[in-house]
Amino acid sequence: MVMLVRSVQKADLNDIYELAEVRGMGLTSLPADKKILSHRIEQSLQANKNPDEHLPGYYFFVLEDTEAKKVVGTCAIDASVGDDAPFYSYKVSTITRQSEPLN
């Protein structure tokens, strides 16, 4: 099996949509909405056309199983998060530690 990370292409939309449909709850970066996914693909294609302009952009990548010719994963870089409005990210977690010698 050979895996390849590459820039997204328009032809990847259906594979990406299939991934979005089976994703876990709370993954807002991969919505099961073809219109939004198509827009993100287009944003990435535009950003890759003019890499020397130093403009913020959205860069969408896929992980392709080259033998199956199928997209099996995605990732993206949004180079403009926080430019026009504050961006906040929170993580709520509980960590418990116990000392075995002290019981």
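This is a predicted model: local features need pLDDT of at least 70, side-chain atom pairs count only at pLDDT 80 or more; totals for chains, interfaces and linings use all residues.
**Salt bridges, a hairpin and a helix pair**

Good morning. The structure holds five salt bridges.

R6 pairs with E64, and their closest N and O atoms lie 2.8 Å apart.

Strand β2 covers residues 58-65 and pairs with strand β3, residues 70-78, in the antiparallel sense, over eight bridges. Within that pairing, Y59 has I77 of β3 as its bridge partner. The two strands, β2 and β3, form a hairpin with four residues between them. In the turn, K69 has a positive phi of about 55 degrees.

I turn now to the helices. Two packed helices are described by the angle between their axes and the distance between the axes. Here, helix α1 spans residues 13-22 and helix α2 residues 34-49; their axes come within 10 Å and cross at roughly 130 degrees. Angles of 65 to 115 degrees count as roughly perpendicular and those over 145 as roughly antiparallel, so α1 is oblique to α2. The crossing of α1 past α2 is right-handed.

Which residues of α1 and α2 meet? On the α1 side they are L13, N14, I16, Y17 and A20, and on the α2 side K34, L37, S38 and I41.

Thank you.

Key. Residues are numbered from 1 along each chain as its sequence is written. Side-chain values use heavy atoms; hydrogens and water are left out. Two strands pair if DSSP finds at least two bridges between them. Axes are lines fitted to C-alpha atoms, for helices over the stretch in contact, and angles run from 0 to 180 degrees between N-to-C directions. Angles under 35 degrees count as roughly parallel, over 145 as roughly antiparallel, 65 to 115 as roughly perpendicular and the rest as oblique. A crossing is left-handed if the near helix is turned anticlockwise from the far one by less than a right angle, and right-handed if clockwise. Contact means heavy atoms within 4.5 Å. A salt bridge is a side-chain nitrogen of Lys or Arg within 4 Å of a carboxyl oxygen of Asp or Glu.
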